[in-house]
Amino acid sequence: MEQLLYGGAGVILFALGLWAFLVYEPLLRKLIALNIMGSGVFHLLIAIAERGELPPDPVPHALVLTGIVVAVSATALALAMGRRLEDDSGGR
Amino acid sequence: MDASLALAVSVPLIGGLLATALPKRAQGLGLLASVATVLVVGWVMAGVWQQGSLHAELGGWAAPLGIALAADGLSAALLGMAALVALGVGIYASGYFRSADADRHFWPLWLLLWAALNGLLLAADLFNIYVTLELLGLTAAALGALTGTVDAVRANLRYLLVGLLGSMTYLLGVALVYTSYGTLDLGLLSNALEPGPVAATALVLMTAGLALKAALFPLHFWLPPAHANAPAPVSAALSALVVKAAFYLILRLWLDVFAPVVTPSAAGLMGMLGALAVIWGSWRALRAERLKLLAAYSTVAQIGYLCLFLPLLQALPPGAERDDLFVALVLMALTHGLAKAGLFLAAGLVQRSAGHDRIDDLGGTAQHMPATTFTIALAGTALIGLPPSGSFVGKWILMTSALESGQWWWILVIAIGTLLAAAYVFRVLSRAFNLEPTPRSFVTQARTEVPALLLALTSVAVLGLAADPLWRLLGAGGGA
Amino acid sequence: MSAGLLLIFDLVLVVTLIGLAIAALVSPDVRRAVMLFIAFGLWLALVWARLRAPDVALAEAAIGAGLGGALMLAAARRAARQEAVDGQTDARGEEG
Amino acid sequence: MRRAASLIIGAIITALALWLLWVLQTALDMGAGPRLAEQAFAGLPTTGVSNPVTAVLLSYRGYDTLLELGVLLAALLGIWSLGVASPGFQPAGVVLSGMVRLVVPLLVLTGGYLLWVGGYAPGGAFQAGALLGAAGVVMRLAGDETAGLPGIRAQRWLIVAGVAVFVLVGLATLALGQGFLSYPQAWSKWLILAIETAATVAIGTTLAAAYVGGRPWSHAVVGGRD
């Protein structure tokens with residue numbers, strides 16, 4: 001039950017992020033959407049790692065840690081590209 | 001334990017680190033690392049040639065707890081193609097970038113991309129594939145934006161975002177797999193997998209994510225602007241290697257790991273998308289105004305051809321015939337990779353010499369750059385699929401299999417695609433030979449023209465005429 | 001009884017999390033959207049602490065919400081400033 | 001028109017979400033499937049660390065972490081290739097800069113602490129590196145346009161340090177005939193600590209440099225402000 005509740009929340013976050021990614025145009029909106037999508041997947045992994053009495057599974061935890069760092073790297077690069085576009089169109 | 005597999009990733013990685021830390025020597029270090037990587041890849045290929053397949057457990061932990069690297073015939077063939085293209089691109093790049101600044105930014109990112117590519121082709125773990133995909137996507141987008149023009153940055157920003165969307169979708173599939181099967185290792189997973197909604201959904205999610213990255217129709221929209229606006233050596237690598245890496249993963253999942261889950265209708269759907277990609281991509285290539293845009297649309301079509309193989313491979317029972325078809329698929333992929341790399345490199349030279357790459361105004365290019373025009377002609381031969389190129393053999397086997405398995409309608413698609421390809425290639429060549437011929441010397445800039453020419457030549461002559469070793473490499477590797 | 005209470009506690013955590021996500025995604029003001037995204041990340045860290053994943057919770061709070069948020073906030077501030085500048089020049093143009 | 005499109009997309013994605021929820025329920029209903037936790041705990045004594053997450057990150061799946069540090073590096077190289085950094089913020093007032101002088105050492109100390117306890121308690125290189133990066137962000141917000149980072153040449157070495165130490169350890173174990181990244185058990189703890197320390201420094205530098213948002217003003221252009 002717990003797993004379904006938390007795992008389901010992960011799926012819902014993924015879907016919400018996907019919707020916003022497809023609907024909104026501005027870069028920052030898309031990045032927030034992508035990050036929330038990613039958080040949804042991460043949340044699903046954390047949810048399935050937790051199993052009541054047993055100690056939680058450390059493998060999904062490590063995967064999520066890796067995923068978080070990758071997501072921030074990609075966000076930083078995308079923002080830098082967006083800033084470059086802003087500067088170019090501003091400097092016309 | 002085979003050391004060559006880990007080295008195939010570490011050597012370009014170390015090259016990238018050194019090029020980052022010592023920017024003034026980036027070019028020399030980069031070329032050195034390229035040669036070293038080619039040697040290591042040769043070692044891997046020799047190992048696969050002798051032993052059929054290689055396997056290495058990293059960290060001293062066996063799967064499922066640890067991560068393994070594996071090479072079979074398919075990955076070895078693609079590794080080899082990647083090494084050839086990458087070496088050519090590296091030599092070309094060393095004579096291409098005019099500003100020292102661009103050159104210094106190119107090398108570290110390029111070597112990291114190569115490391116990611118090798119890592120992806122050798123990966124045997126679903127999550128490890130995700131990490132290599134991200135490394136590949138980030139470096140590819142950053143390299144594509146290296147020209148710094150607004151168009152290039154915008155197109156590659158979109159490419160980056162689409163790639164991230166694909167990775168997230170892929171990762172959701174991986175999470176589902178781990179929920180049900182508790183393993184990420186490809187080999188263990190393929191043993192444990194049972195057809196059912198979970199496995200099917202995981203495959204759909206992963207395939208959708210990868211199809212975005214492989215620019216499979218109708219998810220190809222990001223590719224033409226991103227590839228057409230990147231610096232020429234980068235376009236070559238993106239079209240020849242990066243897109244194909246994502247397709248390789250689709251192949252790995254559909255033919256290897258998830259084979260029991262794949263139904264004829266699912267494979268048929270992939271074939272349909274491939275058919276649409278062939279026709280749409282070739283048509284847009286014919287209508288393209290710029291040479292690099294033409295090359296980019298032609299990549300969309302070529303990915304389509306590769307997808308046509310899926311329904312046929314699914315329909316054929318294991319045996320010699322299916323093995324032949326599989327070799328034909330790899331042959332098409334290799335030929336296209338080499339030819340497209342040659343074409344993009346040549347297009348970059350045309351653009352630089354003429355100041356533009358508008359096809360209609362290319363008159364007289366042949367007079368100035370005979371070697372480059374010859375490269376375009378050779379690459380065109382391979383893209384059309386004329387003998388003796390590797391794609392001629394590939395298309396021939398594809399059509400025979402289509403007839404024999406009763407799926408004759410794919411032949412129509414191949415015929416239309418081939419005619420359109422012939423049209424767009426001859427459209428370029430007829431423009432290039434517009435004026436009276438006054439050739440000066442065949443090669444004008446050896447450092448950039450020769451790699452392009454050799455890549456295109458390999459795609460036509462070497463792969464077409466000497467395809468037998470490929471049969472052995474893939475056959476011995478169990479050829480999926 | 002305590003199981004029921006725990007379920008309510010879990011429900012509150014999850015509903016708030018999804019509420020914050022929706023708020024961050026649809027907020028009309030970009031800067032506020034980023035703020036809400038940071039709040040979402042911190043709340044997510046809290047939920048992960050509840051799911052006995054303290055390592056990941058720490059990382060999400062520090063990297064995902066913290067540095068990711070800081071990067072986005074800088075971009076949002078620039079965007080807002082850009083809009084303000086554009087607005088001023090437009091207004092001046094209309095006056096003149 | 002746009003509204004209609006977003007509604008249609010919304011409907012499709014709702015259907016997708018319902019499908020995924022059903023699949024998830026099916027997967028969970030199949031009962032407690034296999035998981036790697038038990039194996040991970042069983043192997044823990046030989047890894048030299050007692051925090052299972054650190055063991056997964058640096059021992060069982062160290063190769064993933066190595067490539068992940070590569071992703072971080074690639075992102076920064078991409079950012080640097082896009083142009084030079086914009087000038088920083090106005091120097092902070094007295095109160096704020098006083099706070100900064102307090103907060104930055106605190107962040108660095110906490111980072112060091114997290115790095116050290118990562119072996120046996122929640123924490124580790126990523127959390128510690130993030131705090132170092134946060135210290136850089138705070139300094140830049142307070143008016144230090146370099147975010148407390150050293151000159152460009154040193155920065156280049158610092159950002160590659162994490163991957164470099166990691167891959168060199170891997171190659172060393174390979175040369176010893178142990179296989180890539182297979183730490184000898186007696187050294188495991190210290191090798192992991194060394195890798196984590198280098199990774200922490202690299203992550204902190206990279207994140208702070210990413211926040212600066214462009215390559216530092218080159219010494220050739222501005223006569224080096226450091």
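## Basis of the model

Two strands pair if DSSP finds at least two bridges between them. Helices (H or I, at least four residues) and strands (E, at least two) are DSSP runs, numbered from the N terminus. This is a predicted model, in which local features need pLDDT of at least 70 and side-chain atom pairs count only at pLDDT 80 or more, while totals for chains, interfaces and linings use all residues. Residues are numbered from 1 along each chain as its sequence is written, and chains are lettered from A and ligands numbered from 1 in the order in which they are written.

## A strand pair in chain B

S1(B) and strand S2 (residues 67–71) of chain B pair in the antiparallel sense, with five bridges. Within this pairing, B:His55 stands opposite B:Ala70 in S2(B). Four of the five residues of S1(B) are buried, so this strand is largely enclosed by the rest of the structure. A residue is buried if 20 or more other C-beta atoms lie within 10 Å of its own, exposed if 12 or fewer, and partly exposed in between; C-beta atoms are placed from the backbone.

## Chain B against chain D

Two residues are in contact if their C-beta atoms, placed from the backbone, lie within 7 Å. Of the five pairs of chains in contact, chains B and D share the most contacts. Chain B supplies 44 residues and chain D 41. On the side of chain B, the elements that give two or more residues include strand S1 (54–58), helix H4 (100–122) and helix H5 (126–144). H5(B) makes the largest share, nine residues. By class, that side has 28 nonpolar, 14 polar and two charged residues. Here Ala, Val, Leu, Ile, Met, Phe, Trp, Tyr, Cys and Pro count as nonpolar, Asp, Glu, Lys and Arg as charged, and the others, Gly among them, as polar.

## Chain A against chain C

This contact takes 34 residues from chain A and 31 residues from chain C. Helices H1 (2–23), H2 (27–49) and H3 (58–90) of chain A each give two or more residues to its side. H3(A) gives the largest share, 13 residues. The side of chain A divides into 23 nonpolar, seven polar and four charged residues.

Chain C has three helices and zero strands. Of its 96 residues, 42% count as buried. No contact joins chain C to chain B; their closest C-alpha atoms lie 15 Å apart.

## The largest nonpolar core

A nonpolar core is a set of buried Ala, Val, Leu, Ile, Met, Phe, Trp, Tyr and Cys residues joined through C-beta atoms within 7 Å. The largest one has 372 residues, and those that touch the most other members include A:Leu77, B:Leu113 and D:Ala75. Domain 1 (1–33) and domain 2 (43–212) of chain D both give residues to this core, so it lies between them. The domain bounds come from an automatic or database domain assignment.

Leaving aside neighbours within four places in sequence, A:Leu77 has contacts in two other chains, among them B:Leu138, B:Leu160, D:Ala75 and D:Ile79.

## Helix H8 of chain D

H8(D) covers residues 188–212, and its 25 residues should span 36 Å at 1.5 Å a residue. The expected span is 1.5 Å times one less than the number of residues. The end C-alpha atoms are 36 Å apart, which agrees. Of the 25 residues, 19 are buried, so H8(D) is largely enclosed by the rest of the structure. D:Gly213 follows the helix, with a positive phi near 90°.
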